[in-house]
Amino acid sequence: MNSTEAKKPSKKTPNDFLFGKVIGEGSYSTVYLAKEISTGKEFAIKVLEKKHIMRERKTQYVMREKEVLMKLNHQFFIRLYYTFQDADRLYFVLSYARNGELLDFLHKVSSFDEECSRFYTAEIVSALEYLHGHGIIHRDLKPENILLSDEMHIQITDFGSAKILKKGDNLKEGESPESGQPTRKNSFVGTAHYVSPEVLTSKNAYYSSDLWALGCILYQLLSGEPPFRGSHEYQIFQKITKLEYEFPDGFKPVARDLVEKLLVLDPTKRLGCEEMGGYGPLKAHKYFEGIKWETLGEKKPPDIIPYLPATSSNPENCWSRLRPGLDDARIGEIITQTIITDDERKRRLEEQAQKNEYHKFVEGNLILKQGLIDKRKGLFARRRMLLLTEGPHLYYVDPSHKVLKGQIPWSKELRPERKNFKIFFIHTPNRTYYLEDPQSHAPDWVEMIEEVWQRYYSKK
Ligand code: ATP
């Protein structure tokens, strides 16, 4: 399909498509997987209820999204092929980003390794260069708006908050507050993390507001968390306007240098903005060494691998901390008995209720193994008491505040994996948990979890 065809007002109707599963729900839209009957081609069709849009006063967002999408013709963006409507609904026929949101991959592995982060950051830079070159500011760039194609290339979406600068617009002044808010009502939790300081303080958006978001995304890809965090939006906004953030242990200096050149309070001083010489100097930053910009979209993206560099608390080699051999004491450290008689369970539960301060968190289940571990998310780690119980359950509790923080969900698909004596993974369908045992007993955890798995799932 060429671009002229794509932009031409089309006479298509909903009857030209087979509507399959729902692939997503927005706050005022539903997105379906659909097949064009005449070609067999798959699309994502965004369906918007007219009444709902009017009631929510979202007309300007919908129109803006359509206007921007119609201007874009680049592989790093979702493409709008057709639009049509019937009495009740508007239909946007979009390219289908089969691999979903970058955010889901980030949640799954916590953070990306260096090659992967560099690759995806480069694709975003390349996309922003195109977007800004066409006079468009995205204004809501974040990992959930970066979708992934069949081949795992980025396809940026969600242009409801975008701003199209017309020729003659004063770019440096950004835009007036009333012409659009940077964050939307009903926006996702998390939007606040990527908002630039100028949008918060003056409500002005610049091209380089997207470069600020880029800095936040790069930081998050490598570390697992966005740079400005807080328990509520106000706190996050405070940190943004004061540029209050830190780099965790293990953040590579060259990446740090780039983040520091993007997260600059003055929008005219960010690497990549016009005042700083445009995209040339940004693409020439040492972080992107080795990136072939012209052929980025043709390159096979690297596999998504988590970033787990050695840190002071997690040296690459932790074998040296263990004594050689398998003496009685070492054997004693490994509990292997998971099949328990009823009498034994009763006795142990009574003892647990009396003596174990974590009993109150396990819903009356017998604890089979417990220990302090560091639950890692990217480069961040939180100390937790991990409690493996019958049920089965894997509870984790904040040991300082004695608060249950959550559970690692058990299912037949749960699989533990040992990386070394300190680190083990628990793979679940939606997330891989990175756990670090400061006492170097990771193999015991893996063994015990495997036994519990056998007990509950091997015959089911
Ligand atoms: P809101 O409107 O509340 O900001 P949104 O912009 O995410 O939400 P939609 O654009 O309607 O809303 O998308 C809803 C969901 O559908 C999202 O989770 C998104 O991941 C998915 N989705 C949207 N467009 C596509 C597409 N072209 N290919 C694959 N998935 C898509």
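This is a predicted model: local features need pLDDT of at least 70, side-chain atom pairs count only at pLDDT 80 or more; totals for chains, interfaces and linings use all residues.
How many nonpolar, polar and charged residues does the shell around the ligand have? By class, this shell has 10 nonpolar, 5 polar and 5 charged residues. Here Ala, Val, Leu, Ile, Met, Phe, Trp, Tyr, Cys and Pro count as nonpolar, Asp, Glu, Lys and Arg count as charged, and the others, including Gly, count as polar.

Residues are numbered from 1 along each chain as its sequence is written, and side-chain values use heavy atoms, with hydrogens and water left out.

We can start with the ligand. It is surrounded by 20 residues, and the closest are Ser27, Ser29, Lys46, Ser95 and Glu101; a residue is near a molecule or strand if one of its heavy atoms lies within 4 Å of it. Several polar contacts can be picked out, a polar contact being a pair of N or O atoms within 3.5 Å; within protein, one atom must be able to donate a hydrogen and the other to accept it, and residues adjacent in sequence count only if both atoms are side-chain atoms. The side chain of Ser29 has an N or O atom 2.4 Å from an oxygen atom of the ligand. For Lys46, a polar side-chain atom lies 2.7 Å from a ligand oxygen atom. In Ser95 a polar backbone atom takes part, 2.8 Å from a nitrogen atom of the ligand. On its own the ligand has 610 Å² of accessible area, and the protein covers 91% of this; such areas come from the Shrake-Rupley method with a 1.4 Å probe, and for residues only the protein chains shown count as cover.

Strand 1 (17–25) and strand 3 each supply at least two shell residues, and strand 1 gives the most, with 3 residues. Strands (E, at least two residues) and helices (H or I, at least four) are DSSP runs, numbered from the N terminus.

Strand 3 and strand 5 run antiparallel and are joined by 6 bridges, with Leu48 standing opposite Leu90 of strand 5. Strand 4 (residues 80–85) is antiparallel to strand 5 too, through 5 bridges, and Leu80 has Leu94 as its bridge partner there. Strand 4 and strand 5 form a hairpin with 3 residues between them. Strand 5 (residues 89–94) is mostly covered, as 5 of its 6 residues are buried; buried means under 20% relative accessible area, exposed over 50%, and partly exposed in between (1.4 Å probe, protein chains only).

Leu243, in the loop between helix 8 (233–241) and helix 9, has a positive phi of about 50° although it is not a glycine. Lys402 also has a positive phi, near 50°, and its place is in the loop between strand 12 and strand 13 (403–407). A cis peptide bond, with omega about -5°, joins Gly391 and Pro392.

Methods. Two strands pair if DSSP finds at least two bridges between them.
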